Amino acid sequence: MIDRLRPHDLLWGLTPAQLPADAPAWVRQVLAAGQPVVVRRALVASGQVAVGVRGASRDQRFATTLEVSRVLRRVGPEQLVERLPARVLPAFKALALLKPFLDELGLVWGVTGSVGYQLASGVEAAHVESDLDLLLRTPQPLSRQLAGELQRLLDEAPCAVDMQLETPSGGVALREWAGDSARVLLKCATGARLIEDPWAARELAA
């Protein structure tokens, strides 16, 4: 049985036959090759999960839905950092360098974006200029002081690193929470909104 699906999870089970008739040819090719889709934030019907199909280029992104009962396999971002393969790309070097520090936080974290997709699927999705996208699960409030210290650590990595804080209400960019703005952008299933405290917005984001 598949556990509760969360944004950034990678899922297997969507096939070309399940796509709408107007789906681009590249989407059908990706799914025919057995590649996973990514859970995205959106409101969908009961028994469905919102997903995105990733193509070879940045402009190839396709939003659709998948029946939860058809999910064959799920891989969460945190599973992808349990054992890291040796890679020469800057994003992979940054991941290896940051792992010991992130492990010491005592919070669940993982990798998303092109690096996460490559680790999960084996598809060469990352390149020499790829950013490293990270996720930090923060069920309890993270102080802005600690956020600032963490952001400074990420800024020392050998490539651009973007971390998203996953709160009970949605996702917030670490860089925003580490800044001095009174309000930050919270991303949730109903859209995005500016709020003062991401951990006090569960009712507003529902």
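In this predicted model, the buried residues of helix 3 are covered by elements that include strand 1 (10-12), helix 1 (25-32), strand 3 (48-54), helix 2, strand 6 (109-112) and strand 7 (132-137). The residues of helix 3 that are buried are Ser114, Val115, Gly116, Tyr117, Gln118 and Ala120. After helix 3 comes Gly122, which has a positive phi near 85°.

Two packed helices are described by the angle between their axes and the distance between the axes. For helix 2 and helix 3 (residues 113-121), the axes come within 10 Å and cross at roughly 85°. Because an angle of 65 to 115 degrees counts as roughly perpendicular, helix 2 is described as roughly perpendicular to helix 3. Helix 2 contributes Ala91, Phe92 and Leu95 to the contact, and helix 3 contributes Val115, Gln118 and Leu119. Sorted by class, the residues of this contact are 5 nonpolar, 1 polar and no charged.

The largest nonpolar core consists of 54 residues, and those with the most contacts inside it are Leu11, Val53, Leu132 and Leu134. Helix 2 gives the most to this core, with 6 residues. The surroundings of Leu134 illustrate the packing. Apart from residues up to four places away in sequence, Leu134 touches Leu95, Leu98, Leu102, Trp109, Gly110, Val111, Thr112, Leu154, Val161, Asp162, Met163 and Gln164.

One of these partners of Leu134, Asp162, is found in strand 8. With a relative accessibility of 36%, Asp162 counts as partly exposed, because that class lies between the limits of 20% for buried and 50% for exposed. When residues up to four places away in sequence are not counted, Asp162 touches Asp131, Leu132, Asp133 and Leu134. The C-alpha atoms of Asp162 and Lys93 are 15 Å apart, and these two residues are separated by 69 residues in sequence.

Strand 8 (residues 161-167) also holds Thr167. In this case the relative accessibility is 8%, and Thr167 therefore counts as buried. Beyond residues up to four places away in sequence, Thr167 touches Thr138, Leu186, Pro198 and Trp199.

Leu185 lies in strand 10 (residues 184-188) and is partly exposed, at 30% relative accessibility. With neighbours within four places in sequence left aside, the contacts of Leu185 are Gly171, Val172, Glu176, Ala192, Arg193 and Leu194. Leu185 and Glu196 are 11 residues apart along the chain, and 8.9 Å separates their C-alpha atoms.

Glu78 is located in the loop between strand 5 (73-75) and helix 2 (90-103). The side chain of Glu78 is joined to that of Arg6 by a polar contact of 2.9 Å. Once neighbours within four places in sequence are set aside, Glu78 is in contact with Arg6, Val108, Trp109, Gly110 and Arg137.

A further feature of the backbone concerns His8. Most residues other than glycine have a negative phi. His8, although not a glycine, has a positive phi of about 85°. This residue, His8, is placed in the segment before strand 1. The relative accessible area of His8 is 25%, so His8 is partly exposed.

Note on methods. Residues numbered from 1 in each chain as written. Predicted model: local features only at pLDDT ≥ 70, side-chain atom pairs only at ≥ 80, totals over all residues. Heavy atoms only, no water. Helix = DSSP H or I, 4+ residues; strand = E, 2+ residues; numbered from the N terminus. Polar contact = N/O pair within 3.5 Å; in protein donor to acceptor, adjacent residues only side chain to side chain. Contact = heavy atoms within 4.5 Å. Core = buried A, V, L, I, M, F, W, Y, C linked by side-chain atoms within 4.5 Å. Buried < 20%, exposed > 50% of the residue type's maximum accessible area, 1.4 Å probe, protein only. Axes fitted to C-alpha atoms, helices over the stretch in contact; angles between N-to-C directions. Parallel < 35°, antiparallel > 145°, perpendicular 65-115°, else oblique. Nonpolar A, V, L, I, M, F, W, Y, C, P; charged D, E, K, R; others polar.
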